[in-house]
2 protein chains.
Amino acid sequence: MMNSTISLPEINLQKSRPSLHTPLHVYLEKLLDELRDQDDGAMANYIPELAKANPDWFGISICTADGEVYEAGDSDVPFTIQSMSKPLVYGQALDERSVETVMRRVGVEPSGEAFNSISLHPKTNCPLNPMINAGAITVTGLIQGSSEERRFQRIASKFGDFMGRRPELDVSVFESESATGHRNRAIAHMLRNFDLLEDPVEESLNVYFRQCSLLVNCRDLSVIGATLANSGVNPVTGIRALKDRHVPLVLSVMTSCGMYDFAGSWFYYAGIPAKSGVSGGIIGVLPGRLGIGVYSPRLDEMGNSVRGVKAITEVSRKFGLHLFNSPFAAGSVIRTSTFLGQTTSRQVRPASEARAIRQHGQRVRVMELQGDMRFSSLELLQRDTQADIDAGRHLLLDLRLVRRMDSGSLQMWTLIIRAAAAAGVRIGLSGLESESRLQQHLAHLADRVDLSHVMVFNDLDSALEWFEDDLLRKLAPDTTTDYLSHETALGDMLGNIGLNPTQCGRLEAVAQQHAYAIHEVICEQGARSDRVYFLAKGMVSVRLQTRSGASPRLAAFHAGMSFGELALIDGGTRSSSVIAESTCIVYELELSALEEVFEAEPEIKILLLTHFASDLARRLRQANREIAALVG
Amino acid sequence: MMNSTISLPEINLQKSRPSLHTPLHVYLEKLLDELRDQDDGAMANYIPELAKANPDWFGISICTADGEVYEAGDSDVPFTIQSMSKPLVYGQALDERSVETVMRRVGVEPSGEAFNSISLHPKTNCPLNPMINAGAITVTGLIQGSSEERRFQRIASKFGDFMGRRPELDVSVFESESATGHRNRAIAHMLRNFDLLEDPVEESLNVYFRQCSLLVNCRDLSVIGATLANSGVNPVTGIRALKDRHVPLVLSVMTSCGMYDFAGSWFYYAGIPAKSGVSGGIIGVLPGRLGIGVYSPRLDEMGNSVRGVKAITEVSRKFGLHLFNSPFAAGSVIRTSTFLGQTTSRQVRPASEARAIRQHGQRVRVMELQGDMRFSSLELLQRDTQADIDAGRHLLLDLRLVRRMDSGSLQMWTLIIRAAAAAGVRIGLSGLESESRLQQHLAHLADRVDLSHVMVFNDLDSALEWFEDDLLRKLAPDTTTDYLSHETALGDMLGNIGLNPTQCGRLEAVAQQHAYAIHEVICEQGARSDRVYFLAKGMVSVRLQTRSGASPRLAAFHAGMSFGELALIDGGTRSSSVIAESTCIVYELELSALEEVFEAEPEIKILLLTHFASDLARRLRQANREIAALVG
């Protein structure tokens, strides 16, 4: 036999924060080591103060779209944000002023020229895009505020939302930029000439110089990237930094214009929307997935960090992060597709009803959906349900395993719902989370579309039961037993099991009749199993009390059926609770009284045991079928 | 009672092709109607032959990445492919010549100039990108072939792979282009000057003119797009048109340079990599999802189809198809996370063993994974398993619900496997499809990494059983019963149930002993239930024969246990098969013989029924626990 007193070394069961040596941390450290001997490139010299950085500094940080940060190397060394401020302020301008207002002043076409070119569009006189200085200065001029200081504070505060901490100003870099920024001053006055900047020009220019001189580190860059990857919400703090609908626009200009004259090649090789700055940093964004920040001050001819470009490109290559890299098709949005009767509710039904449901179940398609709902997954669904809709078959769609829905998928739901209405087909939806996007969408839709054919159920089990009942009503509207009002005599129930009238009489003599109100507990999980029950009227459900608070329904019984049979078989305690789902009348047979009856007539025990074992066997078979269906 | 003879209107059960009026078809028709009155723009006139098209033609087609086509309007009107040929021939050149060779001649930076500009890079003298004519003519010059005709045929054949049918040449457009293509002729000679084209120049130019004059329709454009969306494999024909690894590169140049001077704005608003042609067509590609083709000949100033741009932008807006539109985070890659003992194998074990497994099960983490495996999902996995690995806990990972793995995720698997090895932790993997990418990756990895800690199982059930057995062996190495060699006497088994020696003797007298070889069927699904079995030696499994050919294991029994009890309870036929999993010795008690014994001593029947019912109840409880775990 098992000797369970032998004990093994103890396991540390504390739920701890992941340590700082996950496989990904180890990989990033190794990557930096491999690239550290790359010392090509030169320090930026057009802003004298920038040349003072240590050229060997090298850091990398990845922040996932759910806020987990992986850092390696000099990831906390501060440097000025420089041009990496441009997409953030561009986003801020879109949020504050509207896309139309901003687009009237700054285009979104790549310039094919250097970052400090003036590049105004020959016809409109507008800067070609917001990632060149002319465009960025114009965009900064759009940020609202009654003074230079206020406008700067608004920008710094916005950067704080993106980073999760308030950035400080590097005064010496700011003064150095301001003192030597003749070209930017020329650009600003040209912009004033075309009424793209308002007076005083020097004020907007100062805000721009200060915005570029805010201090960040590598970790901040990755969090900024993750905020853009997470639809504009900083995943570490939960604070929204940019409106959802403007995120694709900011990422689009980063894609086409973010890496100076290297934008095309960058996207070709790395495939990650990014923005670099002359201080040596790069912010990369993989939408929905992660932000990545690198810092290494030596720059190539186009003004991008040499080791930074190599590091992100290598991470992208290694892990296949190119945005266009073999993406997966929507695939199997439909997890199972059966008919009513093949998938059954946990309502235990008389054999004749169960047979009728199996026989006519092809009137209802039952589909379990899974995964994320986007246009492509709904396209598959509408394609696969078309034959059902054409055949006039109702649809029962379970969405319990559906994770997220985007707005495009809601438009497809509308199309499917309309098609079903036109064909006179019901759509049952189960497993929707409350306040889900689809629930809200249905509420909006109800104002302008007739949704009387759409039914929403808590879970698949209750949806199946409704469709089964509906089918039975249609099959035999007059003959279906009304279990809730009809009362079955104990003698009839025992007779059905095979007891003769004398045997019935013996049990009737010791039975106790009890009435229960709806929702009352008839027997409780964990209580002693000391009696068996015969349900004379009403409905009960067998429910498992779980630690999570959920109480899934294991079975349901209606008048004429028995439960609690384990009292007779192995005693012990109840493994689940039985709850009255309506007003109920129950006959209860206590074990002590039964034992006396059995002593007098063992045949009664054999008949009861055979009945209960048969019942258990049937339920086990059904459970096995259900498991087989669940595991596909 | 149910009257199952009442019949409902018949359902058409034929599995039919989806009809041509799915909700998406209906939507596309409506979209064309809404945009039909847009008659801005002008017909291309620089190739006289193009001006002969009907300016009102308007068609749209969507082809999904799995090859379903939705068409509306003039989707079968032929027109010449023009500049939409450029990404296809660029991909062909990458396939035939290598990325390095092609990149030495043509860059990938947007030009910021018109499509017919010469745009050579000031330093390298190379065309800036392959979507302007200078770049495209250079790329066509790279296609191999011993004559003009052969090179053209190679290109036409490649287009056939993309489209799924061989395109024809519009001779009059070709002659018109050739006769009037002075600017392209100038470009070609300039390219020859820089040794980017070889002699004879006129030959390359003619191939280029012919390539542009191949006839396609809207449907073809969508299939070409879907081929690019489907990693280079035409999803309708299954033929590969472009190497997997070159697809991201082609899509990258389409993204940065595909829509002439409108590329930045196009991506900003529509967010779909695309290429337009002067004949009025546009190919759009949503990687992993779909291709879209539109055709309407009136062009805007930049040479893009006016209604085409509007149609794709509207489809993108409506269904949220912008590539950067609120993408979903990787989300719940971990479907369930439990310990051994919370999730159990179907091996039916004595109570003491089951208790020991529950008690010490925290030595093994059991996780069911789901969804697509990419870098982000594996990042989550390595994060969540780090505490387990730190605690020296083994990992059992079930991959049955995992759909696809990309190459980046395989690199992450390597990192996790190495971390587990370093910590001395086992990794069990179950549910991998044979020939899966991970299986192949493990085979490659085995050459350079010690994989003795990695174990691959067919399914979660057998993996759980192995880890349970392993745990029991470690807990009590000397005392665990060896069920395969040990033989249990029938009397001992009956005694354990509670029969006294006399009662045991009565059953022993009628029992028949049988031996079975491994894999032999002991009782077969569908056969008559006419006996119960007591297993004296060996192991058996209970399996369900399904229509799909799979035979999931419902339970497993070892020596000392009984099965086939339904014979005694409700007769009928066997609902599953029992297979010998080793050499077995079985005592079989026929129903007819049992009935005689019961007549003499009803108490024996009561004891057997109670035993069997108790067994059924225990298995039902376990099945219910399993269902509760499966439905989350």
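In the predicted model, chain A holds an open sheet of four strands in the order β13-β20-β15-β18, with antiparallel pairing. Strands here are DSSP runs of E with at least two residues, helices are runs of H or I with at least four, and both are numbered from the N terminus. Two strands pair if DSSP finds at least two bridges between them. At the edges stand β13 (512–516) and β18 (562–563) of chain A; each has a single partner strand, so one side of each is left without a neighbour in the sheet. Strand β15 (residues 531–537) of chain A runs antiparallel to β18(A), and two bridges join them. A:Tyr533 stands opposite A:Phe563 in β18(A). Helix α18 (residues 490–497) of chain A lies across β15 and β20 (584–590) of chain A. This helix runs at about 115° to β15(A). Axes are lines fitted to C-alpha atoms, for helices over the stretch in contact, and angles run from 0 to 180 degrees between N-to-C directions.

Another open sheet of four strands in chain A has the order β14-β19-β16-β17, again with antiparallel pairing. Its edge strands are β14 (521–523) and β17 (553–558) of chain A, each pairing on one side only. Neighbouring strands of this sheet are turned by 30° against each other on average, direction ignored. Strand β16 (residues 539–543) of chain A pairs with β17(A) in the antiparallel sense over five bridges. A:Val540 stands opposite A:Phe557 in β17(A).

Helix packing comes next. Two packed helices are described by the angle between their axes and the distance between the axes. In chain A, the axes of helix α14 (residues 375–390) and helix α15 (residues 407–423) come within 9 Å and cross at roughly 10°. α14(A) and α15(A) are therefore roughly parallel to each other. Angles under 35 degrees count as roughly parallel, over 145 as roughly antiparallel, 65 to 115 as roughly perpendicular and the rest as oblique. Contact, meaning heavy atoms within 4.5 Å, involves A:Phe375 and A:Leu378, among others, in α14(A), and residues including A:Met412 and A:Trp413 in α15(A). By class, this contact has ten nonpolar, two polar and one charged residues. Ala, Val, Leu, Ile, Met, Phe, Trp, Tyr, Cys and Pro count as nonpolar, Asp, Glu, Lys and Arg as charged, and the others, Gly among them, as polar.

In chain B, helix α4 (residues 133–142) and helix α8 (residues 201–212) pack at about 110°, with their axes 9 Å apart. That makes α4(B) roughly perpendicular to α8(B). The contact includes B:Ala136 and B:Ile137 of α4(B), and B:Leu205 and B:Tyr208 of α8(B).

Helix α15 (residues 407–423) of chain B packs against helix α16 (residues 437–445) of chain B at an angle of about 50°, with their axes 10 Å apart. α15(B) and α16(B) are therefore oblique to each other.

The two chains can also be compared. A rotation of 180° with 0.0 Å of shift along its axis superposes chain B on chain A (RMSD 0.2 Å). That is the relation of a two-fold axis. Copies are superposed by least squares on the C-alpha atoms of residues with pLDDT of at least 70 in both. Of the interface residues of chain B, 100% are also interface residues in chain A, so the copies meet through the same surface.

Residues are numbered from 1 along each chain as its sequence is written, and chains are lettered from A and ligands numbered from 1 in the order in which they are written. In this predicted model, local features need pLDDT of at least 70, side-chain atom pairs count only at pLDDT 80 or more, and totals for chains, interfaces and linings use all residues, while side-chain values use heavy atoms, with hydrogens and water left out.
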